[in-house]
Amino acid sequence: MLADVFLSGANAITMDGKIVNVDATGNRVVGMIFGPKKAIIVVGTNKIVKNLNEALERIRNVAAPLNARRIREKRGWELLPCVKIGRCVNCDAENRICNITTIIEKKPRAIDIAVIIVGETLGL
């Protein structure tokens, strides 16, 4: 929150410029919309989708299950239902990672945002 520059990735970016993320606690997404003077968001071409529906579909059925697997295996936690079947089941698990959805449609007033698209697959 107090950094001059916040560097992050995104779960999806739509062809019309919406930046879409799903987060467990909000710590990753808050720096994109408030606090730092500048946010730099780096994404690979695998994150570019046609529209908001495709962004949410990608997050629920690609990024979230893979990210949940990575986090749970690293920490030795029980696997979530999305990890077990490979897609979102809109679970009510206490430790689910899909609690906060943000959609940045236009530049927030108090922060400058730069999006860097790298011409290759990056991240989940």
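**Entry 1: the strand next to the hairpin**

I started with Ala 12, which stands opposite Val 20 in β3. Strands here are DSSP runs (E) of at least two residues and helices are DSSP runs (H or I) of at least four residues, numbered from the N terminus. I kept in mind that this is a predicted model, where local features need pLDDT of at least 70, side-chain atom pairs count only at pLDDT 80 or more, and totals for chains, interfaces and linings use all residues. Residues are numbered from 1 along each chain as its sequence is written, and side-chain values use heavy atoms, with hydrogens and water left out.

How many bridges join β2 to β3, and do they run parallel or antiparallel? I found 2 bridges, with the strands running antiparallel. Two strands count as paired if DSSP finds at least two bridges between them. The hairpin of β2 and β3 has 4 residues between the strands, and Gly 17 there takes a positive phi near 95°.

Strand β2 (residues 12–14) is also joined to β5 by 2 bridges, and these two run parallel. In that pair I saw Ile 13 opposite Ile 48 in β5.

**Entry 2: the sheet of 4 strands**

Next I looked up the strand order. This open sheet of 4 strands reads β5-β2-β3-β6, with mixed pairing. Because β5 (48–49) and β6 stand at the edges with a single partner strand each, one side of each is left without a neighbour in the sheet. As a reminder to myself, strands of a sheet pair through backbone hydrogen bonds, either parallel or antiparallel.

β3 and β6 pair in the antiparallel sense over 5 bridges, and within that pair Asn 21 stands opposite Thr 102 in β6.

Why is β3 largely enclosed? All 5 of the 5 residues of strand β3 (residues 19–23) are buried, so the rest of the structure largely encloses the strand. Buried means under 20% relative accessible area, exposed over 50%, and partly exposed in between, with a 1.4 Å probe and protein chains only. I also checked the directions: Ile 19, Asn 21 and Asp 23 point one way from β3, Val 20 and Val 22 point the other way, and all are buried.

**Entry 3: the sheet of 3 strands**

I then moved to the other open sheet on my list, which has 3 strands in the order β1-β4-β7 with parallel pairing. Here β1 and β7 are at the edges, each with a single partner strand, so one side of each has no neighbour in the sheet. The twist averages 15° from one strand to the next; axes for this are lines fitted to C-alpha atoms, for helices over the stretch in contact, and angles run from 0 to 180 degrees between N-to-C directions.

Strand β1 (residues 5–8) is joined to β4 by 4 bridges, and Phe 6 stands opposite Ala 39 in β4. Between β4 and β7 I found 7 bridges, again with the strands running parallel. Lys 38 stands opposite Asp 112 in β7, and Ile 40 stands opposite Ala 114 in β7.

**Entry 4: the core**

Which residues make up the largest nonpolar core? I listed 10 residues in all: Ala 10, Ile 13, Ile 19, Met 32, Ala 39, Ile 41, Val 43, Ile 104, Ile 111 and Ile 113. Strand β4 (residues 38–44) gives the most to this core, with 3 residues. A nonpolar core is a set of buried Ala, Val, Leu, Ile, Met, Phe, Trp, Tyr and Cys residues joined through side-chain atoms within 4.5 Å.

**Entry 5: cysteines**

How many disulfides does the count come to? The count comes to 0 disulfides, a disulfide being a pair of cysteine sulfur atoms within 2.5 Å. The sulfur of Cys 82 is 6.1 Å from the closest cysteine sulfur, in Cys 91, which is too far for a bond. Cys 82 counts as buried, at 11% relative accessibility. For Cys 98 the closest cysteine sulfur is in Cys 88, 5.9 Å away and too far for a bond; Cys 98 counts as partly exposed at 23%.

Last, I looked up Asn 53, found in helix α2 (residues 52–75). Asn 53 is exposed, with a relative accessible area of 61%. Asn 53 and Thr 14 are 39 residues apart in sequence and 9.3 Å apart in space, C-alpha to C-alpha.

Glu 105 lies in the loop between β6 (100–104) and β7 (112–118) and is exposed, with a relative accessible area of 53%.
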